[in-house]
Amino acid sequence: MFTDETTLLSSLLTDPRMREALRSSSQTFITKHALNDSLSAFVLSLDLDQLDKQAECLIQKRFSEVKMLLPRTIAQLGKEAWCRFSEYASHYWPRGHRRHLLDAVQFGNYCFARSQPFDRCEWSCLQFLLGSNRFSLQWFKLDSPWHYALLIQWRYQGTCYFRWFSNQAPTHPENHSP
């Protein structure tokens, strides 16, 4: 499965279950993954506490990126934001050049699935950025029972534009490059 140290280390940093399996029995881990002698020596030389700290730093970096993309959601979660993100991050690790957007959208999905507060308007904007639709029109019920907003999103020449129509619409960036 693993052919080099970089791939193995990347998997260990992004998967807490792999780190736990290694911590519980390094020999079982080596056998299960059929590691060659070089990779076996590499695994045995790892400081597992340092590995956990490095993984935690990567999750904190992800959280800071998501916090910039979902500021209202993070504010709604308050002091629970880091705890919720940490739980979420242990099960999902985005890949690719759009990983920050993917992370934010998936964190919104995670919050929604667990009935945690999240800002649907922010989440919708990020979903539009990830998608390929040229136009989107959405109606939102906001804070009070009689308060609604209309969100119009469109793409033009590689840029995404957003316009709100409401007397109390949340603030969002006016345009983004996908």
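**View 1. Strands E2 and E3 form an antiparallel pair with seven bridges between them.** Here two strands count as paired if DSSP finds at least two bridges between them, and the elements named in these legends are DSSP runs numbered from the N terminus, with helices (H or I) of at least four residues and strands (E) of at least two. This is a predicted model, in which local features need pLDDT of at least 70 and side-chain atom pairs count only at pLDDT 80 or more, whereas totals for chains, interfaces and linings use all residues. Residues are numbered from 1 along each chain as its sequence is written, and side-chain values use heavy atoms, with hydrogens and water left out. The hairpin of E2 and E3 has two residues between the strands, and Gln157 in this hairpin takes a positive phi near 50°. Tyr156 has Thr159, in E3, as its bridge partner.

**View 2. Strand E1 (residues 135-141) also pairs with E2, in the antiparallel sense and over seven bridges.** Gln138 stands opposite Leu151, which belongs to E2. Leu151 can also be viewed together with Arg163, a residue of strand E3: twelve residues separate the two along the chain, while their C-alpha atoms are 5.9 Å apart. Arg163 has a relative accessible area of 35% and is therefore partly exposed, where buried means under 20% relative accessible area, exposed over 50% and partly exposed in between, computed with a 1.4 Å probe on protein chains only.

**View 3. The axes of helix H5 (residues 48-69) and helix H8 (residues 99-113) come within 9 Å and cross at roughly 75°.** The axes are lines fitted to C-alpha atoms, for helices over the stretch in contact, and the angles run from 0 to 180 degrees between N-to-C directions. On the H5 side, Arg62, Glu65, Val66 and Leu69 meet His100, Leu101, Asp103, Ala104 and Phe107 of H8, contact being defined as heavy atoms within 4.5 Å. By class, this contact of H5 with H8 has five nonpolar, one polar and three charged residues.

**View 4. The largest nonpolar core has 29 residues, and those with the most contacts inside it are Phe85, Phe107, Leu126 and Phe162.** A nonpolar core is a set of buried Ala, Val, Leu, Ile, Met, Phe, Trp, Tyr and Cys residues joined through side-chain atoms within 4.5 Å. Two or more residues of this core come from each of H5, helix H6 (71-77), helix H7 (81-89), H8, helix H9 (120-130), strand E2 (148-156) and strand E3 (159-165). Another core, of 16 residues, lies apart from it and includes Phe2, Leu22, Val43 and Ala55.

**View 5. Ala34 and Ser115 are shown in their loops, Ala34 between helix H3 (26-32) and helix H4 (37-45), and Ser115 between H8 and H9.** Most residues other than glycine have a negative phi. Ala34, although not a glycine, has a positive phi of about 50°, and Ser115, likewise a residue other than glycine, has a positive phi near 55°. Ala34 counts as exposed at 61% relative accessibility, and Ser115 is exposed with a relative accessible area of 69%.

Technical notes. Nonpolar A, V, L, I, M, F, W, Y, C, P; charged D, E, K, R; others polar.
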